[in-house]
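Reader: I am new to protein structures, and I would like to learn how to read one feature at a time. Could we go through an example together, starting with the overall picture and then turning to single residues?

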Amino acid sequence: QGAIVVHVRVAPLAERYVLLLADDRTEITRTEAIRNDFVANVSHELKTPVGAISLLSEAIEDAAEDEAAVRRFTKRLHKESLRLAALVQDIIELSRLQGTDVVLQGRPVDVGRILAEAVDRNHLTAEGKNIKVSLGQVDDVVVHGDPDLLMTAFRNLVDNAIRYSPENTKVGVGVRVRSNLVEISVTDQGPGISQDDQERIFERFYRVDAARSRQTGGTGLGLSIVKHVMANHGGEVTVWSQPGQGSTFTVRLPVYEEDAATEPSDAP
Ligand code: ADP
């Protein structure tokens with residue numbers, strides 16, 4: 001104990017420096033641990049569709065004489081390959097977003113246009129379940145960011161709302177501006193999410209019901225991607241939900257102030 005007191009008196013700066021180094025090291029170890037964890041999870045997740053594809057192609061070979069069986073297996077093979085493709089795409093997207101070298105191709109983005117497209121890209125799934133997706137009125141709201149990333153985020157939220165909801169229900173997408181923030185919310189009449197699960201659904205590969213998520217083509221990465229896209233845009237995503245009462249995911253983004261980006265004029 002005495003030694004520490006002397007050390008603090010004699011070299012307070014050196015001690016602070018040592019503490020800083022220790023902090024850095026903790027940070028590096030933490031980042032490394034997260035990365036290793038991610039790689040382990042990814043390998044595990046990839047094994048399922050890859051294994052299924054391998055088994056199904058063998059089954060097709062064995063059942064060559066049985067036309068009906070071949071058709072059945074081929075259909076499943078196709079489904080598994082789509083799942084693998086979605087998984088690979090999400091993994092690439094997420095690792096890009098988690099990297100420190102994410103350079104946002106920032107430009108003014110029209111929120112109404114992006115939302116309309118996100119809804120449109122999900123219309124087949126919605127129609128298949130007779131789910132009506134309505135987009136509220138959006139007055140000219142502009143944010144600053146990467147239109148492709150923002151599209152991916154909104155598409156994921158609308159896609160989840162449709163996938164987890166029962167048939168013949170409604171999904172609403174609403175937009176409102178509060179001072180310098182735009183709030184975009186996606187509300188569904190699905191099963192809802194318990195409080196405990198709400199705290200974990202933004203984690204990579206976390207699913208409340210893994211079988212259901214897989215069955216509906218989920219990768220377990222959608223919300224994690226949404227979270228990272230928002231963090232990269234200086235925004236956030238939150239959830240309100242109660243089991244049996246549906247869910248509302250809300251995204252908040254800074255409104256783009258055109259004046260702030262305008263070059264100062266030379267005019268007197
Ligand atoms: P997934 O690909 O499994 O949908 P996500 O990261 O998009 O992965 O979501 C994580 C989990 O959160 C899902 O597996 C699901 O259990 C839950 N979830 C997400 N959106 C909704 C929703 N709108 N209603 C109910 N549960 C949801």
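Author: Let us begin with the overall inventory: the protein chain holds 10 helices and seven strands. Please keep in mind throughout that this is a predicted model.

Reader: What share of the 268 residues in the protein chain is buried?

Author: A residue counts as buried when its relative accessible area is under 20%, and by that test buried residues make up 35% of the 268 residues. The accessible surface of the protein chain comes to about 16700 Å², and carbon and sulfur atoms account for 53% of that surface. As for how the chain folds back on itself, among contacts between residues at least 6 apart in sequence, 71% join residues at least 24 apart.

Reader: Which residues touch the most other members in the largest nonpolar core?

Author: The general idea is that, in soluble globular proteins, nonpolar side chains tend to be buried together. In this structure the largest nonpolar core has 47 residues, and Val133, Phe154, Ile184 and Met230 are the ones that touch the most other members. Helix 6, which runs over residues 147–164, gives the most to this core, with nine residues. Apart from this core lies another one, of six residues, including Leu56, Ala59, Ala63 and Ala69.

Reader: What does Ile184 touch, if residues up to four places away in sequence are not counted?

Author: With those left out, Ile184 touches Val111, Leu115, Phe154, Val173, Gly174, Val175, Phe249, Thr250 and Val251. Phe154 can be read in the same way: it is found in helix 6, and its contacts beyond four places in sequence are with Ile114, Leu115, Ala118, Ile184, Met230, Val251 and Leu253. Phe154 counts as buried because its relative accessibility is 3%, where the limit is under 20%.

Reader: Is helix 9 largely enclosed or largely open?

Author: Helix 9 covers residues 222–232, and eight of its 11 residues are buried, so it is largely enclosed by the rest of the structure. The buried residues are Gly222, Leu223, Ser224, Ile225, Val226, His228, Val229 and Met230. What covers them includes helix 3 (67–98), helix 6, strand 6 (236–241) and strand 7 (247–254). After helix 9 comes Gly234, which has a positive phi, near 70°.

Reader: Is the polar residue Gln198 buried or exposed?

Author: Gln198, which is found in helix 7 (residues 195–198), is buried, with a relative accessible area of 10%. A polar atom of the Gln198 side chain lies 2.9 Å from the backbone oxygen of Ile193. Beyond four places in sequence, Gln198 touches Ile193, Val239 and Ser241.

Reader: Which residues come nearest to the ligand?

Author: There are 19 residues around the ligand, and Tyr164, Asp188, Ser213, Thr219 and Gly220 come nearest. For individual polar atoms, one can look at the distances to oxygen atoms of the ligand: a polar side-chain atom of Asn160 lies 2.8 Å from one, a polar backbone atom of Thr219 is 2.8 Å from one, and a polar backbone atom of Val208 is 3.2 Å from one. On its own the ligand has 530 Å² of accessible area, and the protein covers 97% of it.

Terms used
Residues are numbered from 1 along each chain as its sequence is written. This is a predicted model: local features need pLDDT of at least 70, side-chain atom pairs count only at pLDDT 80 or more; totals for chains, interfaces and linings use all residues. Side-chain values use heavy atoms; hydrogens and water are left out. A nonpolar core is a set of buried Ala, Val, Leu, Ile, Met, Phe, Trp, Tyr and Cys residues joined through side-chain atoms within 4.5 Å. Buried means under 20% relative accessible area, exposed over 50%, partly exposed in between (1.4 Å probe, protein chains only). Helices (H or I, at least four residues) and strands (E, at least two) are DSSP runs, numbered from the N terminus. Contact means heavy atoms within 4.5 Å. A residue is near a molecule or strand if one of its heavy atoms lies within 4 Å of it. A polar contact is a pair of N or O atoms within 3.5 Å; within protein, one must be able to donate a hydrogen and the other to accept it, and residues adjacent in sequence count only if both atoms are side-chain atoms. Accessible areas come from the Shrake-Rupley method with a 1.4 Å probe; for residues, only the protein chains shown count as cover.
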